[in-house]
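Subject: Structure for your review

Dear colleague,

Please find below the structure that I am handing over to you. I would be grateful if you could look through it alongside the findings that follow.

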Amino acid sequence: MDLSYSPEDIAFRDEVRAFLAEKLPKDTAEKIRNGEELGKEGQERWHALLNEKGWLAPNWPKEFGGAEWNAVQRHIFEEECAFANAPRIVPFGLSMLAPVLQKFGSKAQCDHYLPRILDGTDWWCQGYSEPGAGSDLASLKTRAVREGDHYIVNGQKTWTTLGQYADWIFCLVRTDPDAKQQEGISFLLIDMATPGVEVRPIILLDGTHEVNEVWFTDVKVPVENLVGEENKGWTYAKYLLTHERTNIAGVGASAAGLDAVKRMARAEMSGGKPLMQNPQFAARIAQVEIDLMAMSTTNLRIISKAAVGQAPGVEASMLKVKGTIIRQEINDLARRAAGPYAMPFASEMVEGDNDPIGPDYAGPVAAQYFNYRKLSIFGGSNEIQRGIIAKVKMGG
Amino acid sequence: MNFDLTEERQMLQDTLRRFLKDRYTTENRNKIIESEAGFSADIWTGLAELGVIGALFGEDHGGFGGAGFDIAVVFEELGRAGVVEPFLDTAILGGGLIAALGTDDQQAMVEQVIGGGLHLAFAHGEPTSRYDLSRVQTTAKAEDDGIVLNGRKAVVANAEAAGHLIVSARESGAADDEAGISLFLVPAEAKGLTLRGYPMLSGGRAAEVTLDDVRLPTSARLGAAGDAFGAIATQVAAANVALAAETLGAMETATELTRDYLMTRKQFGRPIGTFQALAHRFSDLLIELEQARSAVINAAGHLDTADRDRQIASARNLIGRAGRLVAEESIQMHGGIAMTQEYELAHIAKRIVMNDHRFGDTDYHLERFIALSAA
């Protein structure tokens, strides 16, 4: 047992810190700290800075231009980024599609798409969920029918995150409607500029435009855009989901969020004293901090196993459930800490240079609280995760 | 970073687990609990011979361990098997205090403890001190080249079996001062010492101790006069690691029993674990169990660091909450069978919940965590 980082890990952490101090644009960090939207350009600027350093693709093998970090290094990077208020890397091309192409795609697909993901030429989005296929993803209905050297795609995807920025979408489509559910699905790459693709915004309850519906009407997709074999898409989809679950605990984000709550609670006054000294509030902060201390160690235990090549299985489900409960609790504390000034609906204030209403930290917290209810719903809802845990652990 | 046990600790864990699996069956344990002594001398000797007590002391005191992770490994196994023998009282607290403060002559007792030949008890808590470590109203007064103790000690575990009681008493200062507290080695046969013994709900025995003009030579003092608080806090910290690990072990057994029951018990024609209402709740227990395991690792790993007290408060608060959840949910998901004394879960659940009453409960440790975080 050794709870401390190795000298190599510490050297790496120092390198990450130095990089963030030097290269992370101040206005970007400020936006992230205030919970403002970064927009496409802001995100691309950060990606370009990371790419210049060779750090944009931490999990890619070196042969494809990745950093090939181990799990501990990735964890250190995520944690330092969270504390520095650096944006999260947009995962769709870099950590979802790319591993699938690297494992199942053709050489031509890797040669064409991977460099364009790195240099920011293509912005990717994910076409998985459908109105009738949420947690039960395999019941998806979007059809792709082979006609000559094209597929004709018809159907609808939903919850497509940042689809409004995307040049391409990777989609699960049904190519054999007569096969058993999981066996008739294929993995298709679709150019968003193809005629018949339509993106419709979904405005979330906090007023943000984060997700979209993507409609396909007789969309012609060249057969060379099929990844791997026809009707084997479910295998690739599952592989992708294991990558989606790295950093699932969100320890860094929670730690940074908790620090922010404490700052607020020291500034807010209640009964003539800082809110931080209110016994009820102090107890709630302490409880979530204690939970986070333990989860951080749970996370490191799993990471250190992953670093020596043992794949996290059911542990990832446990981290998803506990990690999202903790993050949502922290968001709830932030909302409460703001008091009455949580009430102004500040979406316009967030985007403009207007003076804030009330303390500057109060503006986004209530909207964020509602936005982060998504954490326990997406990526396999917490109920789905509990089902997985029970199934694996009870051998039922 | 490395979360694997060393080879030696792995061996210790394996040996201990095997011994207890063979010897510490539910039936045996129930007999032990109901016995007059409240623990088994055979088990005690057997475990001492295996080196279990030696693992709790450092090499300079004749042991071969003594670090946070040694304590955690031993007590997790004791907890898994629901062991009621007084390792905490005789070894961690009694032996640990003598090892920390004792003169060369006094240190001989540590050797006896490691060999399994001597029992000790730590007579510290008082009827009104609750969990406050510095609240000591028992008095020690110098008189005729000796010392006279007067006062009462509450719920002193293992007092009846102990050859010596290690009694805390105030030589100076106010009732809550950390300074002014001394420790004394009081022989079981000392005049003026009275024990009112009783069994405890989760096994083992304790006593209410009265000290009525107990006269001791000054050589009975352990460490410097009025200066024992630091050593008490250190050994209580070690005891908290032990209690956390023991509770973790008991939580493991509770969840294993519950899993087996959910898979075998059939109602409405199918195993009850296939009902989602139970499956999801069982998943939550497993998540909390991993949280508890991490909390023990954090506490054990920080036992010798400046962050010790905050980490321990954190761990015991978490384990208090998670333990209660596991105990209550395990009973609930079992149903009626878990309400019977002869079913193993009954004792395990009692150990989990009642451990929260030693050296600070969930609320006490939350308050302490807040105070230490603000400092």
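This is a predicted model: local features need pLDDT of at least 70, side-chain atom pairs count only at pLDDT 80 or more; totals for chains, interfaces and linings use all residues.

**Contact between chain A and chain B**

Chain B contributes 36 residues to the contact with chain A, and chain A contributes 32 residues. The area buried between the two chains is about 3,300 Å², with 66% of that area coming from carbon and sulfur atoms. Five salt bridges are found across this interface of chain B and chain A. A salt bridge joins the side chains of A:K322 and B:E288, at 2.6 Å from N to O. Polar contacts between chain B and chain A number 18 residue pairs, with both residues at pLDDT 80 or more.

On the side of chain B that touches chain A, at least two residues each are supplied by α7 (229–264), α8 (276–301), α9 (308–334) and α11 (362–374) of chain B. Of these, α8(B) gives the most, with 16 residues. Sorted by class, that side of chain B holds 16 nonpolar, 12 polar and eight charged residues.

**Domains of chain B**

Chain B is divided into domain 1 (7–118), domain 2 (121–226) and domain 3 (230–374). Taken over C-alpha atoms, the centres of domain 1 and domain 2 of chain B are separated by 23 Å. In the contact between these two domains of chain B, 18 residues of domain 1 meet 18 residues of domain 2. Together, domain 1 and domain 2 of chain B bury about 1,300 Å² between them, 71% of it on carbon and sulfur atoms. Within domain 1, B:L97, B:L101 and B:Q106 lose the most area to domain 2 of chain B, and together they account for 32% of what that side buries.

The most comes from α5(B), with seven residues. The residues of that side of domain 1 divide into 11 nonpolar, five polar and two charged.

**Annotation on chain A**

An unreviewed UniProt entry lists residues 7–120 of chain A as "domain: Acyl-CoA dehydrogenase/oxidase N-terminal". Over residues 7–120, chain A is 69% helix and 0% strand, with the end C-alpha atoms 34 Å apart.

With kind regards

How values were computed:
Residues are numbered from 1 along each chain as its sequence is written. Chains are lettered from A and ligands numbered from 1 in the order in which they are written. Side-chain values use heavy atoms; hydrogens and water are left out. Contact means heavy atoms within 4.5 Å. Buried area is the accessible area (1.4 Å probe) that two parts lose on being put together, summed over both. A salt bridge is a side-chain nitrogen of Lys or Arg within 4 Å of a carboxyl oxygen of Asp or Glu. A polar contact is a pair of N or O atoms within 3.5 Å; within protein, one must be able to donate a hydrogen and the other to accept it, and residues adjacent in sequence count only if both atoms are side-chain atoms. Helices (H or I, at least four residues) and strands (E, at least two) are DSSP runs, numbered from the N terminus. Ala, Val, Leu, Ile, Met, Phe, Trp, Tyr, Cys and Pro count as nonpolar, Asp, Glu, Lys and Arg as charged, and the others, Gly among them, as polar. UniProt positions are given in the numbering used here, feature names are shortened, and annotations may be inferred rather than shown by experiment. Domain bounds come from an automatic or database domain assignment.
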